[in-house]
Amino acid sequence: MLRNYFKIARRNLVRNKVYSAINIGGLAVGMAVAMLIGLWVYDELSFDTYHQNYRRLAQVMDTQTFNGEATTSEAVAIPLADKLRTDYGSAFKRMALVFPSFPRILAVGDKQVTQPGVWVQPDLPEMLSFMMLKGQRNALNDPSSALLAQSLAKALFGDTDPMGKTIKLDNRTYLNVGGVFQDLPRNTTFHDTKLFLPWAKAVNDLAWVKEAQNQWSTQHWRLFVELNESVDLGKLNAQIKDIAKPHRPENKPEIYLHPMADWHLHSEFRNGQVVGGRIEFVWLFGIIGGFVLLLACINFMNLSTARSEKRAKEVGIRKAVGSRRGQLIAQFFGESLLVATLAFLLALLIVQAGLPFFNELTDKTIAVPWGSPFFWLTALGFTLFTGLIAGSYPALYLSGFAPVKVLKGILTTNRLAVTPRKVLVVIQFTVSITLIIGTILVFRQIQHTKNRSVGYTREGLIIVQKNTPELFNTPYHALRNDLLRTGAVANMFCSSAPSTETPVGNQNFDWKGKESGSVALLQTVGVTHDYGKTMGWTMVEGRDFSRSFPADSGSLILNETAAKRTGLAVGETIRWGGQPHRITGVVKDMVMESPYQPVQPCLFVLDYSWDNFITVRLKPGLPLRDALAQIEPVFKKYNPGSPFNYKFVDQEYARKFIDEERIGKLASVFAVLAIFISCLGLFGLASFTAEQRTKEIGIRKVLGASVFNLWQLLSKDFVILVVVAFFVATPLAYHFLSNWLQKYAYRTEISWWIFAVAGAGALGITLLTVSYQAIKAALMNPVKSLRAE
């Protein structure tokens, strides 16, 4: 019986090659999209699961209240770790403080590598379950040892055994290689960190780290914990919530343990509560993948039911000779499963061929897990599910034919039979039009934000971080004069923070008129005299820092947001840490953080000792390569033995749009595929409709109908369906996209033309798809179509 079913299914596929190709091809594309999204979703959901204890690992978060708003940060004070150990030691198996990653210059002989590295307490490698290739995880107990990732060890030592070898760090510190671990997978939080340095060394060598050991007000550190197996995270969070309040009562801190399982997908906080994160994208693309697969299944349903008259006599004869309805349903399900299986095999080829492009688009390293039994079991279930969904309606519909009517030749396609097909086509184009509208709006939001004034000129600025003693000890004026003498530099300055990163926030401010008991968090940037001229900022009130006014040392310039927040004007004073600082000017707000969010209040203080970064403005009109070649010897002069590392400000700013641009590109790819699948089904339906109405078209031509009249006749029904889909998609898209835009404080408007363009595009594509078959039928010689009459 099963062999007979398979033989009939195979014959039907071979006999109807065009429709078989449309069914298999459409399903294959839909299944390929669903598989790619499924692999991406799995990669996202399995983030950090590489670590054996990831369900018991957590990061300590600190929620503070400033200006009446709760702000959650991963930066904590060092004494918090000791306090947790003392008061709740039984809850924690391990604990490790981490100093955030910065680019480090590593040297072995003449070979130099710049690599981000972190200072960590010894328990972290054990907590993260490093796969050690050489040495032990506890190597950081030795303050003279470092742990290197395999790729970094190879870059420094080649094929030589690195164990015990010495590396020079930032031209000032010598460390021994205490161990080499396997590089962490791409879908782990610490993937980019290849160098782990001993915490004890930082405490001994860096005075400000040593001073911070007992300072609750200094919060620059990250704290990670591993819980004991019997500990309930929710109960522990309730117990430790107020542990820091006695030490910082002014900003009402609340401590929270954020589990590793939520770091990647649930990382967005609002008013001290987790409100989402990348999980929204997982849901979004998961739903899109499901809908694209549904579109392909709809094609199969529509084409199968549209060709019902072709199978009607077969069903009638089978029922007349004794076939039960259940047997016919099984046969039709068997046919759909065969189509789904062939589509799945084709989808595998599409996925394998498309993975390089997909990985580049998503910034992933996803691969098809050919050797995983779980993958093949999932694939089997996926194929069965697709086959059953695609074949359900055709099987139930075709098996329901009455044999008497079929065999008498009085079976007609009534309105009730056609209506479901129309509904399915409307669903297809509703999804497609919604995706088109969403894609347009995503790119419009990105462009709207890119066009936002940033308050300074990005082009021609490069940033050099001071990460060696030589650079820190370089006299500012000597470096500036030498750079200006090259003829390639227009100006330069030093600052405590680059212009594309969030400056340090401080809270110990006071001023006349400040509300009693309130805590104000103001960002602060230490700058030199030439900051404003080099950046190209715009003075709104007062004046820039000037060497003509020696009293400017320690004075402040406020951005517009800070001026509004404090209510102060030029000439007035802010007390910072008890010391008075006079305001010399107010500048237009500069975008230094997320371009999608409001600018935060920021103070620029004239302080030459706060000089972690050098920013250089290259002369316009000079070829970039020539300019860099001229200034490199100057940096080599003051920083011998170290590479000339720099970043372009405009490129760093462009990185802020990467996530949104990636969403836009993915959405556009899925929208194109959705339209392709919808049009594939439409092409099949149009072809069948033209075939079904061949005699009608012949009669109309004999009676004088023009090609244009016939084209209208055949296209009208499909155009109506697309118009209905447009009116269904418009309110749906508006609702979902309005909610999406709410996450951006600086956002574009949803203009009417976006919907008009999407609707017109869908209508145009529909007409192009249908017109081929319509015009082909209209041009046919009526003699051929009416010959049998």
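Visitor: How many bridges join β19 to β22, and do the strands run parallel or antiparallel?
Guide: In this predicted model, strand β19 (residues 539-542) is joined to strand β22 (residues 579-587) by three bridges, and the two run antiparallel.

Visitor: Which residue of β22 is opposite G542?
Guide: G585 in β22 stands opposite G542.

Visitor: And β20, parallel or antiparallel to β22?
Guide: Parallel. Strand β20 (residues 556-559) and β22 are joined by four bridges. In that pairing, N559 stands opposite V587 in β22.

Visitor: How many bridges for β21 and β22?
Guide: Four bridges, with strand β21 (residues 573-576) running antiparallel to β22. Here I574 stands opposite H581 in β22.

Visitor: What sits between the strands in the hairpin of β21 and β22?
Guide: Two residues lie between the strands, and G577 takes a positive phi near 60° in this hairpin.

Visitor: Changing topic. Where is L388?
Guide: L388 lies in helix α13, which covers residues 373-398.

Visitor: Why does L388 count as partly exposed?
Guide: Because its relative accessibility is 41%, and the partly exposed class lies between the buried limit of under 20% and the exposed limit of over 50%.

Visitor: Which residues does L388 touch, leaving out those up to four places away in sequence?
Guide: L388 touches F333 and L337.

Visitor: How many residues apart in sequence are L388 and S336, and what is the C-alpha to C-alpha distance?
Guide: L388 and S336 are 52 residues apart in sequence, while their C-alpha atoms are 7.1 Å apart in space.

Methods: Residues are numbered from 1 along each chain as its sequence is written. This is a predicted model: local features need pLDDT of at least 70, side-chain atom pairs count only at pLDDT 80 or more; totals for chains, interfaces and linings use all residues. Side-chain values use heavy atoms; hydrogens and water are left out. Buried means under 20% relative accessible area, exposed over 50%, partly exposed in between (1.4 Å probe, protein chains only). Contact means heavy atoms within 4.5 Å. Two strands pair if DSSP finds at least two bridges between them.
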